Amino acid sequence: MCAARRTTSTRLTRLAAKASPYHSAVMLYEARDTPDSEEAPAEPSTPRRSRRIEPGPADPETPELDPPSDHSLANKTVQKPASRQKSVKRDSDASPKKPKSKPPSKPKRTPQGSDVQHPAPVKWLEVYDAIKAMRSLVVAPVDTMGCQLAQLGEKELKNQRFATLVSLMLSSQTKDEVTDAAIGKLRTALGGSISVQAILDAEETLISDAIAKVGFWNKKTQYIKQTARRLHDEFDADVPKTAEELCSLPGVGPKMAFLTLQVAWNLNAGIGVDVHVHRITNRLGWHVPPTKTPEKTRLNLESWLPKELHGEINQMLVGFGQTVCLPVGPKCGDCTLSAKRLCPSAKPTQTKAGAARKKSSKRDVQEDASGPKIEMEMEMEPPRDREMGLSEEEEET
């Protein structure tokens, strides 16, 4: 070991090296004073501690630790940071997460009315009575092939209610003639009765073959099977008696729910609004501003139409839309509302337009002494058609 000397007045100072008790790689140097005459080291005086290891003020909360021995320092392994250990442990102990199971779906709440009270349209009752009078003179497809007739082929009450629900599920975006034929084929395929148990026992291919003519038959096949299972497990194989429970079934919306309650249970819970009711009431100007969806139309109607009319307005307007107020080319000439000017969407009748086209201009007669007499007649289009830019074919439709 190297030693350094420094000269003082009476003593020699030596630095003695020794290993630190806290870490084996650290060397500590201790100063020792000896007399000038003595070459050998004398008894050590009170050592002065190096600033490197000078302890600071004691922390009352920190317990004093005994200095570790050299043996323990040699065998001690360097520990990794706690954060790193936790991350390693988390990675090693990590197991694949199990997918969380979804809670059972709750029945969708169907609003029973609008919070906004819409004012009743002007002369709505006169319009309503006029349409009702026209409907009494015409038999529409909904009168002979509607959902209310599906139950007539069943004997048990539960089957009657279920057949009504199935008929309404099939009627979505499908004409009444096609729906009625599909109900007859399905009843025959199931052995003569449309029941919950018969649907559960039947194969999907058998059901889909029977209803293959209706719109979206493959999706409706799944809906009917799932609905039958729900009714069997949760409703004692019967049709629910509330709109909320009906709307919770696959493929059942508010229109089907309210019509099912009216036909199957004779309950007046709301207005069944389909495309006919939505179209005709907007043509009549009963919604300000015009409604964009059948559900908005229902909420508007229920806010001002007397409740005793909620049950009959669907069949009345559906039949009127099937026979007179058609989606394309409405027969305004056969509608009394047009003559009474009660419909803001009424088009000029075909007879008036035809008479206007037959009006001709004055005759120009040219006489020539050398030739025969010539008569010319020019047919003129009505000014109104030219202003609107309508062709003859568009006007007739």
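The model is predicted, so local features need pLDDT of at least 70 and side-chain atom pairs count only at pLDDT 80 or more, while totals for chains, interfaces and linings use all residues. Residues are numbered from 1 along each chain as its sequence is written, and side-chain values use heavy atoms, with hydrogens and water left out.

Student: How many residues of helix α12 are buried?

Tutor: Helices are DSSP runs (H or I, at least four residues), numbered from the N terminus, and α12 spans residues 275-283. Buried means under 20% relative accessible area, with a 1.4 Å probe and protein chains only. Among the buried residues are His276, Val277 and Arg283. The number buried in α12 is 7 of 9.

Student: Which residue caps the N-terminal end of α12?

Tutor: The cap is formed by a side-chain oxygen that lies 3.2 Å from the backbone nitrogen of His276. The residue that supplies this oxygen is Asp274.

Student: Are α12 and α13 parallel or oblique to each other?

Tutor: Their axes, which are lines fitted to C-alpha atoms over the stretch in contact, come within 9 Å and cross at roughly 60 degrees. Angles run from 0 to 180 degrees between N-to-C directions; those under 35 degrees count as roughly parallel, over 145 as roughly antiparallel, 65 to 115 as roughly perpendicular and the rest as oblique. The two helices, α12 and α13, are therefore oblique.

Student: Which residues of α13 make the contact with α12?

Tutor: Contact means heavy atoms within 4.5 Å. On the α12 side, the contact is made by Val277, His278, Thr281 and Asn282. On the α13 side, the residues are Pro294, Thr297 and Leu301.

Student: Is Ser167 buried or exposed?

Tutor: Ser167 lies in helix α5, residues 157-170. Leaving aside neighbours within four places in sequence, Ser167 is in contact with Cys147, Ala150, Thr179 and Ile183. Because its relative accessibility is 5%, Ser167 counts as buried.

How values were computed
Buried < 20%, exposed > 50% of the residue type's maximum accessible area, 1.4 Å probe, protein only. Polar contact = N/O pair within 3.5 Å; in protein donor to acceptor, adjacent residues only side chain to side chain.
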